[in-house]
Amino acid sequence: MKHSKFRKMFRQEYRFFLIFSGIALLGFSLFYIYPIIRTLMLSFTNKTIFDPTVEYVGLENYIYALTNDPLFHQSMIQSLIFAFASGVMVLVTSLLLAVLLNSKVKFIGIFRTIYFIPFIIPSFAVGAVYKNLFNPNTGLINQILEWFGVVDPPLWYIAPSSALITMIVISSFGFGVKMLVFLAALQGIDPALYEVAQMEGASKWRSFRFITLPLISPMLFFNIILITIDGLKAFSLAFVMGNGQGWPSNSTLLFPIYMFMTAFNMPFRLGYAAAMAWLFFLMILGLTGVNFLASRFYVEKDVT
Amino acid sequence: MMKIYRWMMICFMMLMIVGLAACKTTSGDVLKIALDIEDEGRYDTLFQRFFDETGIRIEATFGIDPSKCIGTSCEPDIMKTSTVVIDSMQGTLLDLTDFIAQDDDVDPSHYVDALMEALTIDGKIYALPTSINTSLLYYNKRLFDESAQQIRDALQLSLEESVYPSSTWTYDDYVLAGVALSKFTVLPNMTRSYTQFGAETQLIWWGEWLVYLQQMGGSFYQANSQNRICALDTAIALEATTFYVKKSMGNASEKFAPNAIEAASAFSFLNGNVAMIFGGHMGDWYSYDVLGLDWDIQVLPVPANQPNAVGGEISADAFGISIRSNKRAQAFQFLKMWTGVAGATEMVKYGKIGALKNMQTIIHDLPIEEQPRININALFQAIDRATTLPREKDFPKVMREMVMTELYKLMFTGRGAETNIQLVLNRIKHNVDQYYIGLYKNN
């Protein structure tokens, strides 16, 4: 009796669940779970793309990356710098703009659209446009700097010393989604709280510090996680700015680019690239863990 | 309801099966070949001819990276490779030596020797070459004509002599003509603002710098080091690199190529504001024509004290048979046509020059409208002098990540720039040597 009831329930309630989630699960298994397991297996081999003979090398790839590959270290450090610096800039810009767009000004919808536009333009196109803007000789940025009397304007992406900074500046315009997340959180705050604060004589800054920030802190935490991961796995902008190879002089060689170059440029070391991917995953996992730990100190648990 | 549901499931399963079957390797007399995206539609006549002769249909994919098809049902029977990547691809390609030995129509000695050597590993031939790429001196005839008087003055030419580059040019002629072709104005702050350059600078690709090094008598690896010890600690390496740097960074009487900053500002042969390319790539011929450039080629200039210097780099696209193909004999039949006279004749129409030694005759026999309208004799002179890249599978990686990245620092002024060429060469040597030590542990 119980068995037939279960079957009936299964047929009625879980049929469509299985059909629709089954397709998604199949896709997830094929395109995520399988590659993850395959990458782990590859990381213990000396597999190259074209060579069908594969040898098991144990932890050799991991040890080589950690002890013997200067570009692994350089790209890892550059990725961390990029993720941190662009993350801070994106976070500050998106919060600032969200606060501004939350105010009661005319044509606010137009402003929201304008600020969101950079996000919907593909990074490849953004990179190409900014390359022209930041061209030291003919770009608009240096021309403006010269109008303001700057005698020796920066070489931006041409010089190895400033190329990464240029990329960080450009990437800070990718605040679209984060800004929307903050905006949604800001719009959920009861205006009465600000009215009470104003009546109590609180300044704008104190209202922001003691009402706005605590109430949007869960979203702040969410954005920090997103920004950290986005920054660490940044690829397309670095690919365009660095001609796909960290140009100039490996200064824009972010870790995903180096991993890509290792796997898909000669001599096509797939096994080694897979090991690097796992080391990278562990690093992201570690940083996310740190973020979670740090969140205890700034995320307000009860925001109702 | 249940019936409809069951029928929907059956239809879905059938669709899946049909879809999967479509991906499976085609059966019957069909051969698959992976070609570049720009080749789409170009060789239909040749494929039809092969079908008429053998009854085997050629199914080509265009722009799909064969490396991504390996191990899948879409894997081609005939695979594109090249003299540069053959070492990496060796494991996926069939040894053609026996096929060639048993076939009277195919003779490896009919192909350019340097290319066949590059495609032969441990005495086994893994691919046959198709279109060649070799370093040449490209020049824009319009820019030469516009600066004819300046070039005549610089090279002390009579009115009867051509101002275009000649096969007897030395580096000195190249520099003098390059400077004469460079146009600039002096700004109030005494800096030069160029509007035209005599030659391009290759900052990412090593094809220019390495040729200077080799033509001056140097080499990248030490002899007898199994290509694992860098040889950039020599006086020749310093001289070659100084020449490479000076042409972009020198004073007004030395500079005739853009530095890194100027190169980012649309100065290029393709844009029609740079008069020459030292090295170049034959794959760009088609683009030059499409853009309507009035261009021609000449053999590379040589150092004055090295009249018999080696030429530039030579490489070739090549095709082999996938080790996983179950139609090896049929694939070899097509490979013969594809890499032979028939294939070479078709490819010439698209600016690709075959790797056959008698290519000059083949081109000469073509109808005049199908012949390349350039100095084709110079190409064959260049091929005779050319040399292949070092046989070392990490060579492109080393050049890309360790050599050009350091040389770049010499090609601009400002923060992060280098001026001490010897110091840069020492650093490259140190990094390259350490790389090979790490890779091979002194073995």
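Which residue forms a salt bridge with D87(B), and how far apart are the closest N and O atoms? The partner is R391(B), at 3.4 Å, where a salt bridge means a side-chain nitrogen of Lys or Arg within 4 Å of a carboxyl oxygen of Asp or Glu.

This is a predicted model, so local features need pLDDT of at least 70 and side-chain atom pairs count only at pLDDT 80 or more, while totals for chains, interfaces and linings use all residues. Residues are numbered from 1 along each chain as its sequence is written, chains are lettered from A and ligands numbered from 1 in the order in which they are written, and side-chain values use heavy atoms, with hydrogens and water left out.

View 1. On the domain 1 side 15 residues are in contact with 8 residues of domain 2; contact is heavy atoms within 4.5 Å. About 880 Å² gets buried between the two domains, 53% of it from carbon and sulfur atoms. Buried area is the accessible area (1.4 Å probe) that two parts lose on being put together, summed over both. D87(B), N133(B) and G351(B) supply 43% of what domain 1 buries against domain 2, more than any other three residues.

**View 2. Polar links between the two domains of chain B.** The count between the domains is 1 salt bridge, and D87(B) and R391(B) form a salt bridge. There are also 5 residue pairs in polar contact, both residues at pLDDT 80 or more. A polar contact is a pair of N or O atoms within 3.5 Å; within protein, one must be able to donate a hydrogen and the other to accept it, and residues adjacent in sequence count only if both atoms are side-chain atoms. By class, the side of domain 1 that touches domain 2 has 8 nonpolar, 4 polar and 3 charged residues. Ala, Val, Leu, Ile, Met, Phe, Trp, Tyr, Cys and Pro count as nonpolar, Asp, Glu, Lys and Arg as charged, and the others, Gly among them, as polar.

**View 3. Chain A against chain B.** Chain A puts 32 residues into this contact and chain B puts in 34. Together the chains bury about 3000 Å², with 64% of that on carbon and sulfur atoms. The salt bridge count is 1 here, and R269(A) meets D394(B) in a salt bridge at 3.1 Å, N to O. Polar contacts come to 8 residue pairs, both residues at pLDDT 80 or more. Chain A's side of the contact splits into 19 nonpolar, 10 polar and 3 charged residues.

View 4. N61(A) sits in helix 3 (residues 60-68) of chain A; helices (H or I, at least four residues) and strands (E, at least two) are DSSP runs, numbered from the N terminus. N61(A) is buried, at a relative accessible area of 10%; buried is under 20%, exposed over 50%, partly exposed in between (1.4 Å probe, protein chains only). A polar atom of the N61(A) side chain lies 3.0 Å from the backbone oxygen of S43(A). Not counting residues up to four places away in sequence, N61(A) touches residues including L42(A), Y272(A) and A275(A).

**View 5. Helix 15 of chain B.** Of the 8 residues in this helix (residues 341-348), 6 are buried, so it is largely enclosed by the rest of the structure. Among the buried residues are E346(B) and M347(B). The cover includes helix 2 (44-54), strand 6, helix 14 (328-339) and helix 16 (359-364) of chain B.
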